[in-house]
Amino acid sequence: MMATSGKDACGLNGEEPSVSLTSNNDKSLVNGATTEASALSKPQNGGGTGAERFAFSPEPTIEDIRRMQAQFTDERDWNQFHQPRNLLLAMVGEVGEVSELFQWRGEVAEGLPDWTEAEREHLAQELSDVLIYLVELAEKCRVDLPQAVLRKMALNRLKYPANKVHGSAKKYTEYKD
Ligand SMILES: Nc1ccn([C@H]2C[C@H](O)[C@@H](COP(=O)(O)OP(=O)(O)OP(=O)(O)O)O2)c(=O)n1
């Protein structure tokens, strides 16, 4: 398959990554629980239906991605182009490329069961572009993204108490009490 693991698939072209880019470990966290490899043995780009469990590989971490992209830009003297606004525009452009893949398909089921492997890999690449630019944008704005996500998720839990909003997609401003 067109895996997302390994140097070639990551487009590193012989550069040594500073982190292991192997695929899912034998054991991984799925929703906080350690699971056996059998639950994670599907190809990385899916083909699964919504009924199957899915988890990311534990690496690279967000900090690993920040460091790898910093090295990539340093090696090319591209920091001169990577100001926050440019990174934002680049990220939005990549979001547009993700949108293009979904355009005119109608609703798409979880696991993308009707997509070819080539289409899945294309999506994996475009989503990666979005993440890479997002992480670099956060770095250049001095936002510690992993910690910011923790804070934001805590806020989300306060805004949307499970017992209050269970099964409803209403925005928090729509609740009366
Ligand atoms: N000035 C640049 C140009 C590229 N990249 C990196 C980050 C993205 O992951 C990827 C984006 O490359 P392209 O602009 O070539 O976009 P695509 O890879 O999406 O190619 P295409 O637009 O042909 O689909 O390369 C970067 O960091 N800085």
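Author: The side chain of Glu94 places an N or O atom 3.2 Å from an oxygen atom of the ligand, a polar contact in the sense of a pair of N or O atoms within 3.5 Å. The model is predicted, so that local features need pLDDT of at least 70 and side-chain atom pairs count only at pLDDT 80 or more, while totals for chains, interfaces and linings use all residues. Residues are numbered from 1 along each chain as its sequence is written, and side-chain values use heavy atoms, with hydrogens and water left out.

For Asp129, an N or O atom of the side chain is 2.6 Å from a ligand oxygen; for Glu126, a polar side-chain atom lies 3.4 Å from an oxygen atom of the ligand. Of the 580 Å² of accessible area that the ligand has on its own, the protein covers 53% (Shrake-Rupley method, 1.4 Å probe).

The residues around the ligand (a heavy atom within 4 Å) are Gln69, Phe72, Trp78, His82, Glu94, Glu97, Glu126, Asp129, Ile132 and Tyr133. By class, this shell has 4 nonpolar, 2 polar and 4 charged residues. At least two shell residues come from each of α1, α2 (84-102) and α3 (117-140), helices being DSSP runs of H or I with at least four residues, numbered from the N terminus. The most is given by α3, with 4 residues.

Phe72, one of the shell residues, is placed in helix α1 (residues 62-76). Phe72 counts as partly exposed because its relative accessibility is 31%, between the limits of under 20% for buried and over 50% for exposed (1.4 Å probe, protein chains only).

Key: A polar contact is a pair of N or O atoms within 3.5 Å; within protein, one must be able to donate a hydrogen and the other to accept it, and residues adjacent in sequence count only if both atoms are side-chain atoms. Ala, Val, Leu, Ile, Met, Phe, Trp, Tyr, Cys and Pro count as nonpolar, Asp, Glu, Lys and Arg as charged, and the others, Gly among them, as polar.
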